[in-house]
Amino acid sequence: MDFNVKKLASGAGVFFTRAVQFTEEKLGQAEKTELDPHLENLITRADSTKNWTEKILRQTEVLLQPNPMDHTGARIEEFIYDKLDKKLPSRMTNPELLGQYMLEAANDFGPGTPYGSTLITVGEYQKRLGGAERELLQTSAATFLTPLRNFLEGDWRTISKERRLMENRRLDLDICKARLKKAKQAEAKAALLSEEVDKAEHELRVAQTEFDRQAEVTRLLLEGISSTHLNHLRCLQDFAEAQATYYAQCHHYMQELQRELNKCANAASTPHPTAAVCPDPVSSAFLSGPSSPGATVSSSSSQRPSTLAMEQTQLPVTGTRKAKVLYDYDAHDASELSLLADELITVHTVPGMDPDWLIGERGNQKGKVPVTYLELLS
């Protein structure tokens, strides 16, 4: 017990002495050992890396989880499951939840009604958008957020600890320098014996050695920031790729949803009593898988596309030009033409045609193609 008390008192004395030295340096009343310029540059670069990593991490979390309350709750839930060493359960995204509500509402209003069938169509695509968002969240967390957070909670804490230790060694070194200076001044006035000067010089050598050793350790850690930048660069590329995939999926889903809604609108304008009901998206070619250009969707729609295709071939054409295909596209009925990315086709318009569509030709094959999937060439 006595040993612990003495150790505590000794530690308090060292802390007080360092505090006095630090204060005198700030007031310009004591000399300060300047760090090597290279080491100073490394410290500045490391501080900048830490600060910007924190800002990028925080803003990326806000981007992926816009609601601050949901974000805080998700982090708390993640922390609890991590401490319990359990896997965090999958949470429904907002589009998935919206899609679920739409499907439940459709069942309540009647899936056979125009409003109910449209709710089913939109709800299914909302759930697909939510699935794409959840995949983006999971990929971004694993490939981007986690490495940034690991740097701040791991490497940076180690660097900060060694920097504080280096600063303490520097303060001790300057304290020894001040003591030696005072001892030499006192010796010159015959107030101290030479052994006091020798003791101060020995303490200075020890302090200098400890400071140099700690400065080298800190320098090596700070030079590792370059490797951190390379690692974060790879993570940033993965994040951008995940975003590109997500937005491409969203664009594709929304294009398909517009097609389904257009079919609903066209069906509602026909005189048939059952034509006002939208096609079931679960049985459509998009949700069940790709189909061949000649595949049929339903018995009622198999005749209309072929008739439409015949009418289009007989109409006068205008503005024939080449086009490059940007994305793969699977035809949904006989009136459309399937596309492969990067291929070249001939396109033209017909009078009265929807401006979002063109007539595409590839050899002997002909059919409607969406404008958004093409790059028109001069």
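1. A helix in this note is a DSSP run of H or I at least four residues long, a strand is a run of E of at least two, and both are numbered from the N terminus.

2. The model is predicted, and a careful reader will begin with its confidence. The mean pLDDT of the chain is 79, with 74% of the residues at 70 or more. Confidence is highest in helix H2, residues 37-64, where the mean is 94, and lowest in helix H8, residues 285-288, where the mean is 37.

3. Two stretches call for caution. Over residues 272-276 pLDDT stays under 50, and the model has six contacts there beyond four places in sequence; over residues 279-317 pLDDT also stays under 50, although the model has 56 such contacts for that stretch. Where pLDDT is low, the predicted coordinates should not be read in detail.

4. The chain has nine helices and five strands, and its elements run α-α-α-α-α-α-α-α-α-β-β-β-β-β. Of the contacts between residues at least 6 apart in sequence, 69% join residues at least 24 apart. Buried residues make up 34% of the 378 residues, while the accessible surface comes to about 23300 Å², of which 56% belongs to carbon and sulfur atoms.

5. Which residues touch the most other members of the largest nonpolar core? Of the 44 residues in this core, they are Leu35, Leu39, Ile43, Phe144, Met166 and Leu222. The elements that give two or more residues to this core are H2, helix H4 (94-109), helix H5 (114-188), helix H6 (194-223) and helix H7 (225-268), and H5 gives the most, with 19 residues. A second, separate core has 15 residues, among them Trp357, Leu358, Ile359 and Leu374. As background, nonpolar side chains tend to be buried together in soluble globular proteins.

6. Once its neighbours within four places in sequence are left aside, leucine 222 is in contact with Leu39, Leu42, Ile43, Ala46, Ile159 and Arg163. Leucine 222 is also one of the buried residues of H6, including Val197, Ala200, Leu204, Ala207 and Phe211. The length of H6 agrees with expectation, because 30 residues at 1.5 Å a residue should span 44 Å and the end C-alpha atoms are 43 Å apart.

7. Is serine 140 buried or exposed? Serine 140, which is found in helix H5, has a relative accessible area of 0% and therefore counts as buried, the cut-off for buried being under 20%. Not counting residues up to four places away in sequence, serine 140 touches Leu64, Leu145, Phe239 and Ala242. Its C-alpha atom is separated by 8.4 Å from that of glutamine 243, a residue 103 places away along the chain.

8. Valine 206, in helix H6, is partly exposed at a relative accessible area of 35%, and its C-alpha atom is 9.3 Å from that of cysteine 176, 30 residues apart in sequence. Valine 20, in helix H1 (residues 2-26), is partly exposed at 32%, and it is 155 residues from isoleucine 175 in sequence but 9.5 Å away in space, C-alpha to C-alpha.

9. A last point concerns aspartate 342, which lies in the loop between strand S1 (318-325) and strand S2 (344-349). Its phi is near 80°, a positive value in a residue other than glycine. Because its relative accessibility is 55%, aspartate 342 counts as exposed, the cut-off for exposed being over 50%.

Notes. Residues are numbered from 1 along each chain as its sequence is written. Side-chain values use heavy atoms; hydrogens and water are left out. pLDDT is the predictor's confidence in each residue, from 0 to 100. Contact means heavy atoms within 4.5 Å. Buried means under 20% relative accessible area, exposed over 50%, partly exposed in between (1.4 Å probe, protein chains only). Accessible areas come from the Shrake-Rupley method with a 1.4 Å probe; for residues, only the protein chains shown count as cover. A nonpolar core is a set of buried Ala, Val, Leu, Ile, Met, Phe, Trp, Tyr and Cys residues joined through side-chain atoms within 4.5 Å. The expected span of a helix is 1.5 Å times one less than its number of residues.
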